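Work through the exercises below with the sequence and the 3D view open. Try each task before you read its solution.

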Amino acid sequence: MIKVGVLGAAGKMGSEVCRAVSDDSELELVTQVSRGDELQRLTEAGTEVAVEFTDHSVAKKHALFCLSNDIHVVIGTTGFSDEDLAEIEAAANEGSANAFYAPNFALGAVLMMLFAAKAAPHFATAEIIERHHQRKLDAPSGTSLMTARKMNEARGDSAWGTLEGETEKVPGSRGGNVGGIQIHSLRDPGSVAHQEVVLGNTGEILTIKHDSLDRISFMPGVLLAVKKISTLDGLTVGLENLLGL
Ligand code: NAD
């Protein structure tokens, strides 16, 4: 039995993780940490793997606490900067515990990113439309940023097409630009987590779309990371690394 602690246990993702861990015969839920609780609860409970779904303002501190106390940490909270991830990686390399971060734990979303990267070198333009519930605090989503990064890596030095003479009458109308890919963030009360990657050539459009309709879609990925993290090394980013994709 792997002893698991959940940070952000009262939240939408955290409570789903608590349920999934409790229902898994290979895992034992030993502690739940909510806002206001001491992080020492993790060490006192003998936590081997912590799962982090809180807020990006505290998630790095939580990850560093786990790593410095030899607790593996599976991170789902989004909104990290590259510098934050570098700091977590350095801490994971220093100690005996590992870190795993996935901006999206849904299998379909991981495949969407890989398909988009595969298509990227063959199209002139790309835009990403991501859509989440209204209480999501960071924009654009971690998934859209990782998708854009993978697409740009796949494209190498070849620049995306630009529209000559384009002007924004309202600043921000064309979204945020990540290496030539425009990202548009929609927030509404009815959504969970949705993304469309729209690739264009003259006379054709390829749309790759993924919808998480229920937070349960993230659980198989979270549980897989919890079970595999002790076999990894340092910081691993992306569920695709655990799926052999
Ligand atoms: P939420 O607001 O429902 O839950 C966050 C919880 O963290 C709240 O209960 C809050 O009180 C708690 N919290 C805040 N500060 C804390 C602290 N210092 N100590 C302990 N608990 C603290 O949000 P959510 O929808 O569950 O999302 C949480 C994070 O997960 C967000 O960053 C979101 O973008 C991300 N997310 C990631 C994935 C993924 O697949 N990686 C999927 C969905 C959401």
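**Exercise 1.** With which residue does Arg19 form a salt bridge, and how far apart are the closest N and O atoms?

*Solution.* Keep in mind that this is a predicted model. Start at Arg19 and look for its partner. The partner is Glu16, and the closest N and O atoms are 3.3 Å apart. The cut-off for a salt bridge is 4 Å, so the pair qualifies. Now place the pair. Arg19 and Glu16 are three residues apart in helix H1 (residues 12-22), so about one helical turn separates them. Finally, take the total: the structure holds 15 salt bridges.

**Exercise 2.** Describe how H1 packs against helix H7 (residues 219-228).

*Solution.* Two packed helices are described by the angle between their axes and the distance between the axes. Take the distance: the axes of H1 and H7 come within 10 Å. Take the angle: they cross at roughly 65 degrees. The crossing of H1 and H7 is right-handed. Then list the contacts. H1 supplies Met13, Glu16, Val17, Ala20 and Val21, while H7 supplies Met219, Val222 and Leu223.

**Exercise 3.** Decide how H3 and helix H4 (residues 82-94) are oriented to each other.

*Solution.* The axes of H3 and H4 come within 9 Å and cross at roughly 5 degrees. Angles under 35 degrees count as roughly parallel. H3 and H4 are therefore roughly parallel to each other. On the H3 side, the contact is made by Lys60, Ala63, Leu64 and Leu67. On the H4 side are Asp84, Glu87, Ile88, Ala91 and Ala92.

**Exercise 4.** Find two backbone features: a cis peptide bond and a positive phi.

*Solution.* The cis bond joins Ala139 and Pro140, with omega about -5 degrees. Pro140 sits in the loop between strand S6 (125-132) and H6. The positive phi, about 60 degrees, belongs to Asp70, which is not a glycine. Asp70 lies in the loop between helix H3 (56-68) and strand S4 (72-75).

**Exercise 5.** Which residues form a nonpolar patch on the surface?

*Solution.* They are Leu107, Leu243 and Leu245. Together they have about 260 Å² of accessible area. Leu245 is in the segment after helix H8 (240-243).

Technical notes. Residues numbered from 1 in each chain as written. Predicted model: local features only at pLDDT ≥ 70, side-chain atom pairs only at ≥ 80, totals over all residues. Heavy atoms only, no water. Patch = residues over 30% accessible without salt bridge, like charges linked within 9 Å, V, L, I, M, F, W, Y side chains within 5 Å. Areas by Shrake-Rupley, 256 points an atom, 1.4 Å probe, with all protein chains shown as cover. Salt bridge = Lys/Arg side-chain N within 4 Å of Asp/Glu carboxyl O. Helix = DSSP H or I, 4+ residues; strand = E, 2+ residues; numbered from the N terminus. Axes fitted to C-alpha atoms, helices over the stretch in contact; angles between N-to-C directions. Left-handed = near helix turned anticlockwise from the far one by under 90°. Contact = heavy atoms within 4.5 Å. Parallel < 35°, antiparallel > 145°, perpendicular 65-115°, else oblique.
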